[in-house]
Amino acid sequence: MVELDPEEVWRCLGPAGNARESLHSDVLEATEFAATASQPRGISRVLNVESAARGKVHFEGGFIAEGKRLPHIFEGAEGAIFLIATAGPGVETEVEAMMARGDHIEGVVLDAGGSAVAINAAEQMQAQLMWEVEQAGYKVGPTITPGTEPWDIEGQRTMFDVLIADEIDVTLLESRLMYPQKTQSKMIPFGRDLKLVNNPDEAPCRTCRAQRCPMRMEEYVGILGE
Ligand code: SF4
């Protein structure tokens, strides 16, 4: 059984405002059901980076990730972690049944429970992999997810080429959504001289003037020495 805190479910539900009290028991039930019905599984792989330029990152084995801003994120990267983590289909099967019988509120809350399990599973896996990479002397960069600014949804094809997701019963649909839906896919660059790092003390965003950069990780604090 997964260890799931109700607060993780609240986070997936979003701001509840005045409804927080009335949803309290639904959230507790959803937390318990999601923790019991889910079977989190994950798969990961590390690939060396061969080059990063002109909107493409080339990895060993011929794999390519495309995105205008990816070479910037991969500046100084020697490799990347690829991971897919899923909560399994248990929660979403129950959510479908709830919706079909008109239990919409319970269904929405339980759906958030499934999301919380998938996020929890991916974060645990990610933390372990990042720790291993850091122990080996590398700096770790930001987490990049297909379907976001730096890497559009077609990035899912790269994820599923790199990882044999059948092993954890996860499928990529034509829509580029994943089944089970409660699944997360991520790519994380690392390197000894990685420029764009997750560490706030080193993050170049703090002194970068690109005000409208959608990937900004830290607030601009001004150019040092000014
Ligand atoms: S704010 Fe600057 S350093 Fe940070 S990601 Fe954007 S362009 Fe790169």
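The model I worked from is predicted.

Entry 1, ligand. I listed the surroundings of the ligand and found His72, Leu196, Pro204, Cys205, Cys208, Ala210, Cys213, Met215 and Arg216. Sorted by class, this shell has 7 nonpolar residues, 1 polar and 1 charged.

I took helix α2 as residues 20–37 and helix α5 as residues 104–135; their axes come within 8 Å and cross at roughly 45°. The two helices are therefore oblique to each other. I noted the crossing of α2 and α5 as right-handed. On the α2 side I found Leu23, Asp26, Val27, Ala30, Thr31, Phe33 and Ala34 in the contact. The α5 side supplies Ile105, Glu106, Val109, Leu110, Ala112, Gly113, Gly114, Ala116 and Val117. I sorted the residues of this contact into 11 nonpolar, 3 polar and 2 charged.

How do the axes of α1 and α5 cross? Helix α1 covers residues 6–13, and its axis comes within 8 Å of that of α5, with a crossing of roughly 110°. Angles of 65 to 115 degrees count as roughly perpendicular, so I recorded α1 and α5 as roughly perpendicular to each other. The crossing of α1 and α5 is right-handed. I found Glu8, Val9, Cys12 and Leu13 of α1 in contact with α5, where Val109, Ala112, Gly113, Ser115, Ala116 and Asn120 take part. By class, I have 6 nonpolar, 3 polar and 1 charged for the contact of α1 with α5.

Key. Residues are numbered from 1 along each chain as its sequence is written. This is a predicted model: local features need pLDDT of at least 70, side-chain atom pairs count only at pLDDT 80 or more; totals for chains, interfaces and linings use all residues. A residue is near a molecule or strand if its C-beta atom, placed from the backbone, lies within 6 Å of it. Ala, Val, Leu, Ile, Met, Phe, Trp, Tyr, Cys and Pro count as nonpolar, Asp, Glu, Lys and Arg as charged, and the others, Gly among them, as polar. Axes are lines fitted to C-alpha atoms, for helices over the stretch in contact, and angles run from 0 to 180 degrees between N-to-C directions. Helices (H or I, at least four residues) and strands (E, at least two) are DSSP runs, numbered from the N terminus. Angles under 35 degrees count as roughly parallel, over 145 as roughly antiparallel, 65 to 115 as roughly perpendicular and the rest as oblique. A crossing is left-handed if the near helix is turned anticlockwise from the far one by less than a right angle, and right-handed if clockwise. Two residues are in contact if their C-beta atoms, placed from the backbone, lie within 7 Å.
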